[in-house]
Amino acid sequence: ETGMPDFKIMGTVSDKCAKNLTSMVTTKDTSLGKDIIDEVAAILKTPISNVKADLYTDPIDGRFQISTNYDTENVAGIFYMISSGSMSIEIGRNVVEMQPKKIYFVNDRTTYRVVKNNAINTALMSGIFKWDKEVHGS
C-alpha cells in the first residue's frame, strides 16, 4: 500500500521562488532553476527529477494520462506548481483549481489531466519525486 491520495497540497513555496519561476520561464534564464529546484525539494523532503517549466499563454486541454508503473518499492510521485496565472487539474472525480505557489502532488495511477481554460499567462513547473508514505502520506 502506497498511502497515496488522488491529490494533495504538499506545501507552499516562497514569494521569491514563485517570482523566480515566473522570471525564468518568461526570460528563459535557467540560472534561476537551481534555487527553485532546491526550495521545492526541501518542501517535499526529497530530491526531485524530470523537472519541466514553461510559460503557457493559450488555453490547453491536456489529454488524460495514467501511469503504467505500479512498482510498490520505488513509488514515484508527480508534482505541479504554478507561480502565476490559472490552471486546474482534473483527477478522478475532482477538479482542483491550482493556487499560485502551492505544490500539488498528483497520483498518476489515477486518470488525470491538466487544463487551462483561459489566455492568462501561466508559469507551470512539474517534476517527479520519490513518494514515501511515512513522509508524504495522510
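Here is a short chat about how some features of this predicted model get their labels.

Mentor: Local features need pLDDT of at least 70 and side-chain atom pairs count only at pLDDT 80 or more, while totals for chains, interfaces and linings use all residues. Residues are numbered from 1 along each chain as its sequence is written, and side-chain values use heavy atoms, with hydrogens and water left out.

Trainee: Why is the pair of phenylalanine 105 and phenylalanine 129 called edge-to-face?

Mentor: Rings of Phe, Tyr and Trp (its six-membered ring) pair if their centres lie within 6.5 Å; planes under 30 degrees apart count as stacked, over 60 as edge-to-face and the rest as tilted. Here the centres are 6.2 Å apart and the planes stand at 75°, so the pair is edge-to-face. Phenylalanine 105 sits in strand 7 (residues 102-106) and phenylalanine 129 in strand 9, so the pair ties together parts 24 residues apart in sequence. Strands (E, at least two residues) and helices (H or I, at least four) are DSSP runs, numbered from the N terminus.

Trainee: Which residues form one aromatic cluster?

Mentor: Phe105, Phe129 and Trp131.

Trainee: What makes aspartate 38 and lysine 34 a salt bridge?

Mentor: The rule asks for a side-chain nitrogen of Lys or Arg within 4 Å of a carboxyl oxygen of Asp or Glu. Their N to O distance is 2.6 Å, so by that rule the pair is a salt bridge. Both lie in helix 2 (residues 33-44), four residues apart, about one turn of the helix.

Trainee: How do you know whether arginine 113 is buried or exposed?

Mentor: Its relative accessibility is 16%, so arginine 113 counts as buried. The side chain of arginine 113 also meets that of glutamate 90 in a salt bridge (2.8 Å, N to O). That pair links distant parts of the chain, with arginine 113 in strand 8 and glutamate 90 in strand 5, 23 residues apart. Asp61, Glu90 and Arg113 are linked in a network of salt bridges.

Trainee: How many salt bridges does a search of the whole structure find?

Mentor: Six. Another one of them joins arginine 109 to aspartate 108, with the closest N and O atoms 3.4 Å apart, and both of those residues are buried.

Conventions
Buried < 20%, exposed > 50% of the residue type's maximum accessible area, 1.4 Å probe, protein only.
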